[in-house]
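Hello,

Here is the structure I promised to pass on. Please open it alongside this email. My notes come after it.

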Amino acid sequence: MSTEIKTIKRTIIMRKEEVTDVPIIQVENLSKIFGKNAKKATKYLDEGLSKEEILEKTGNTVGVNRASFDVEAGEIFVIMGLSGSGKSTLVRLINRLIDPTEGSVYIDGEDLAQMDGKNLRNVRREKLSMVFQRFGLFPHRTVLENAEFGLEVQGIDKNERQEKAKKSLEMVGLGGYIHQFPGQLSGGMQQRVGLARALANDPEVLLMDEAFSALDPLIRKEMQDELLELQESMKKTILFITHDLDEALRIGDRIALMKDGRIVQIGTPEEILVNPANDYVEKFVEDVDRSKVLNAEHIMKRPETVNIEKHGPRAALERMRKEGLSSIYVTDTKRNLHGYVVAEDVSDAAKQEKKDLKEILKTDVPKVNTQTPMQEIFDLIHDAPVPVAVVEDGKLKGIIVRGAVIAALAGSEVNLNGIDS
Amino acid sequence: MELIPKLPVADWIDAATDWTTETFEFLFDFIKNDFGDFIEIVAEDWLMGIPIWLFIIVVGVLAFFVSGKKLGLTAFSVIGLWFIANQELWEELMNTFTLVIFASLISVIIGVPFGIWMAKSKVVEKILTPILDFMQTMPAFVYLIPAVAFFSIGMVPGVFASVIFATPPTVRFTNLGIRQVSHELIEASDSFGTTGTQKLFKVQLPMAKKTIMAGINQTVMLALSMVVIASMIGAKGLGQTVITGLQRAEVGTGFVAGLGIVILAIIIDRFTQNLNTQRGEQ
């Protein structure tokens, strides 16, 4: 099983590499220790001391502990953790609102940690935009003036910047509110202004610090949907910070889980759910509604089949008896699915000395593909007389039995690779 | 106690004052003569040149609009000014007004940059805070002494003493206003790549405006109270009439002039307060 996981990971990496060669953000060994003599405390990080131990020894607080990860162009990378896990510090290290104690942040290959003020400002103006938890809008500026702030700072001509700001506001559905002040808008609308302000700059990277956490649940979901919709057309790189696992699973292409300043696991939502790296992650994902995240591939198992080209009823009966099955799927040598046969028919055919399975073959196969979400499998499996077949390009990839669905919902072992061995 | 003889602190300060007076004589003379002349031109040629009725109407109209088209301030301003004119204290009023304007302007011009500096640097804040405490707690009369030493008597030392006495609130409130701007807004500004100057003028000062204006209001009020005290060293104005009343034990004269100061104070206070509205406020 483990080799197969590696294969999957490799294919993920390969797929990403097709997009660009260099990741847009590279974070290497990034650490932040708050307090006096922070540099001295880094040696305790080397020794692997915990956050509490370092606090006791030196009085310094570890914000971020040796974080390393890459963010590829065009992906939504979620950093998730509970409060105090260092996620907000981490995002501020990336645009250097907080100076790192150690380590590097490369944006397009340039190390931000080593940059002088002027270059840093230019990177912030052109490549990175940030959206804040409490919106961070300027109350003395109108919606339009807020949206054009980033462009104004760059010294862009008034007409041009207002044009861009208006476009950006229209994108988030606030075209009609440009002359209002932020104080006159609801929370959800204020955060749209925050988003429009960040997008007006046309940055490469969007840093979103708990951007939707201050909104009530319905509005939050609406904003998540809108962000995903916008992302379809914008294809920005988004670094999204959240403490809400459902949100992370919903919008993240990949998720980094943080605890006590350390990144404990990085992976796709499926990988995190299915293969929690340790007890902490496992506890974390315990309560997640798995049916939203898992799909057919994760719960299918290796099918028992008979080969229509080689096997007759007698062989099929033998195989079914051995495995204790009441039905079996029929494929050919290339694993193309032909249908299934049931024990009764096979037994009759064997008695009548028939040579071929074709006559008793049933073709009303309940079929799904590998990416069908688990939610959709529920209904199908309830009415199906036989296990559900997982088919791709006409080939049988696996089968799903009722028990597997229930087991997956209960959070027990699921296959990441799809077929257990 | 006998071990340490009385320290000649007063002598030291006298010496320091003498030294300053002599060393900067050219500067003090320049200020005393040219600036003094300018103050008198403003008071006597400009302000007193305006017909009283016209002045009262202009103030009334301004009051109407400044107060948001309410009649209270307008009526008070018109009646109050008419009363002062009626008591034949118009020239004194104009002199006091001129002194207040000059002292306040100079205080603000000095105070706001110091307040900004203080907000930007913790070290500066630590140094300036006790100095500001000192300036505000020292009895105001004491400032009259070096003022006379530097500029002899008249309007100029009056402005000088008033500026020392009235500047601290502007410095303090500017510092406070800038420091009160929320951390997230500063981060928002920084995250868009603002320079220090851009951040100051586009975010910090506009956000701190209300607090700074409250400080300026305090400065103007303090300047007004000091201008009266400055009459003791020959600054012309309503204060002089008060002191005349005091010296001749004429309660009526003193009271009427005092009333004039109160009227002026209320008008200036309401004007500056009404100007203090923040954009985007609900």
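Below is what I found, starting with the interface and ending with the annotated spans.

Keep in mind that this is a predicted model.

**Interface between chains A and B**

On the chain B side, 19 residues are in contact, and they meet 31 residues of chain A. The two chains bury about 2,200 Å² between them. Carbon and sulfur atoms give 60% of that area. In chain B, the residues that lose the most area to chain A are Glu184(B), Phe192(B) and Arg279(B). Together they make up 32% of what the chain B side buries.

Two salt bridges run between chain B and chain A. One of them pairs Arg92(A) with Glu187(B). Their closest N and O atoms are 2.6 Å apart.

Which helices of chain B each supply at least two residues of the side that touches chain A? They are helix 9 (183-191) and helix 10 (196-229). Helix 9 gives the largest share, seven residues. By type, the chain B side divides into six nonpolar, eight polar and five charged residues.

**Annotated spans in chain B**

An unreviewed UniProt entry carries the annotation "transmembrane region" for residues 46-66, 96-119, 140-166, 220-239 and 251-268 of chain B. Two of these spans deserve a look in the model.

- Residues 46-66 of chain B: 81% helix, 0% strand, end C-alpha atoms 23 Å apart.
- Residues 140-166 of chain B: 74% helix, 0% strand, end C-alpha atoms 10 Å apart.

Best wishes

Technical notes: Residues are numbered from 1 along each chain as its sequence is written. Chains are lettered from A and ligands numbered from 1 in the order in which they are written. This is a predicted model: local features need pLDDT of at least 70, side-chain atom pairs count only at pLDDT 80 or more; totals for chains, interfaces and linings use all residues. Side-chain values use heavy atoms; hydrogens and water are left out. Contact means heavy atoms within 4.5 Å. Buried area is the accessible area (1.4 Å probe) that two parts lose on being put together, summed over both. A salt bridge is a side-chain nitrogen of Lys or Arg within 4 Å of a carboxyl oxygen of Asp or Glu. Helices (H or I, at least four residues) and strands (E, at least two) are DSSP runs, numbered from the N terminus. Ala, Val, Leu, Ile, Met, Phe, Trp, Tyr, Cys and Pro count as nonpolar, Asp, Glu, Lys and Arg as charged, and the others, Gly among them, as polar. UniProt positions are given in the numbering used here, feature names are shortened, and annotations may be inferred rather than shown by experiment.
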